[in-house]
Amino acid sequence: GILSVSLFWPDLQNVVHPNYPMNYPKFTQADKEAYDRDGYVIKRGFFSPEEVELLYGTAVNDDVMSKKSYDLNDQKGFRTKLALWYTLGDDVYGNYSRCARMYDAVEMILGGAPAHFHSKLMQKEPKVGGAWEWHQDYGYWYKNGFLYPDMLSVMVALTKATVANGCLQVIKGSHKMNRIEHGFAGEQVGTDQERVDAVLKQQELVYVELEPGDTLFFHCNVLHRSEMNTSDNARWSLISAYNLASNKPIKDENPSCYTPLERLPDSAIRDAGAKGIAETADVLSKETDKTLK
């Protein structure tokens, strides 16, 4: 995967960025209204180029992350690589997930104290990066015992996301359908295609093309998918999933998913530097992923 990265990343511990913005982007009431109406909202430039450099550069050079990533095959046998972890560490990934602008946005969307369910690094490599079938995140998370869909995902683009490299597709307003039954599609969990076809006759299909640092907030019941990466460019992103802290699951899940999140200053990403995930981090494996059973 590292060979496919088009940029050379220097010793990031020694990179100094004197021009970090003092006024970080804010999630507004208008953003919340768009999210409630459409099931998603895009915040352009939510993370600065310098922050993306730290996040992406750290991920590319992170040996622990590389070792603990695993593949999931789509229906055609193409694979997408991911690494998923629960507990937030004192590192650049943990700090981005709970920096003030992220915390405040998630708190506004959920209407209460947020908790961190999990985060993952998605690595869709050139020519071989597989598709993700139509699904709702709550189609997975329902199996984890969450009673209510008071949950969302936040995806930060680390590289450009385009139609050619398999950007996310969402069906606008589909979160209002509530949860749909899910089965397996390859090694992934996919939803009832008959219902997808029906809603596509009524609602708009949106290709979520993003620049690095652009951030997508989307409801756990919004239908989404992505095509395989047919381009020469990798598509990498970080996705953090959040839960309303009071929405405690009825099954045994990591306590982070109902522990109120600590709010860090927006400078926490810069302050972490290029510190990557710890060897002892509770990173999921294909064997321990309950939603694949």
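Trainee: How far apart are the closest N and O atoms in the salt bridge of R270 with D271?

Mentor: The model is a predicted one. R270 counts as partly exposed, at 38% relative accessibility, and D271 is exposed, with a relative accessible area of 53%. In the salt bridge between R270 and D271, the closest N and O atoms are separated by 3.5 Å.

Trainee: How many residues apart in sequence are the parts tied together by R44 and D214?

Mentor: The side chains of R44 and D214 form a salt bridge, at 3.0 Å from N to O. R44 lies in the loop between β1 and α2, whereas D214 lies in the loop between β10 and β11, so the parts that the pair ties together are separated in sequence by 170 residues.

Trainee: Is D214 buried or exposed?

Mentor: The cut-off for a buried residue is a relative accessible area under 20%. The relative accessibility of D214 is 5%, so D214 counts as buried.

Trainee: Why are the buried residues of α1 said to lie on the same side of the helix?

Mentor: In helix α1, residues 29–38, the buried residues are D31, K32, A34, Y35 and D38. They lie on the same side of α1 because the arc that they cover around the axis is only 160°.

Trainee: Which backbone oxygen does the side chain of H116 reach?

Mentor: H116 is located in strand β4, residues 114–124. With a relative accessible area of 2%, H116 is buried. Beyond its neighbours within four places in sequence, its contacts include W85, Y86, S240 and C257. At 3.4 Å, the side chain of H116 reaches the backbone oxygen of H118.

Trainee: What accessible area do V163, L200, L205 and Y207 have together?

Mentor: Y207 lies in strand β10 and counts as partly exposed, at 41% relative accessibility. Y207 forms a nonpolar surface patch with V163, L200 and L205, and their accessible area together is about 310 Å².

Terms used:
Residues are numbered from 1 along each chain as its sequence is written. This is a predicted model: local features need pLDDT of at least 70, side-chain atom pairs count only at pLDDT 80 or more; totals for chains, interfaces and linings use all residues. Side-chain values use heavy atoms; hydrogens and water are left out. Helices (H or I, at least four residues) and strands (E, at least two) are DSSP runs, numbered from the N terminus. Buried means under 20% relative accessible area, exposed over 50%, partly exposed in between (1.4 Å probe, protein chains only). A polar contact is a pair of N or O atoms within 3.5 Å; within protein, one must be able to donate a hydrogen and the other to accept it, and residues adjacent in sequence count only if both atoms are side-chain atoms. Contact means heavy atoms within 4.5 Å. Patches are made of residues with over 30% relative accessible area and no salt bridge: like charges are joined within 9 Å, nonpolar side chains (Val, Leu, Ile, Met, Phe, Trp, Tyr) within 5 Å. Accessible areas come from the Shrake-Rupley method with a 1.4 Å probe; for residues, only the protein chains shown count as cover. A salt bridge is a side-chain nitrogen of Lys or Arg within 4 Å of a carboxyl oxygen of Asp or Glu. The arc is that of the directions from the helix axis to the C-beta atoms.
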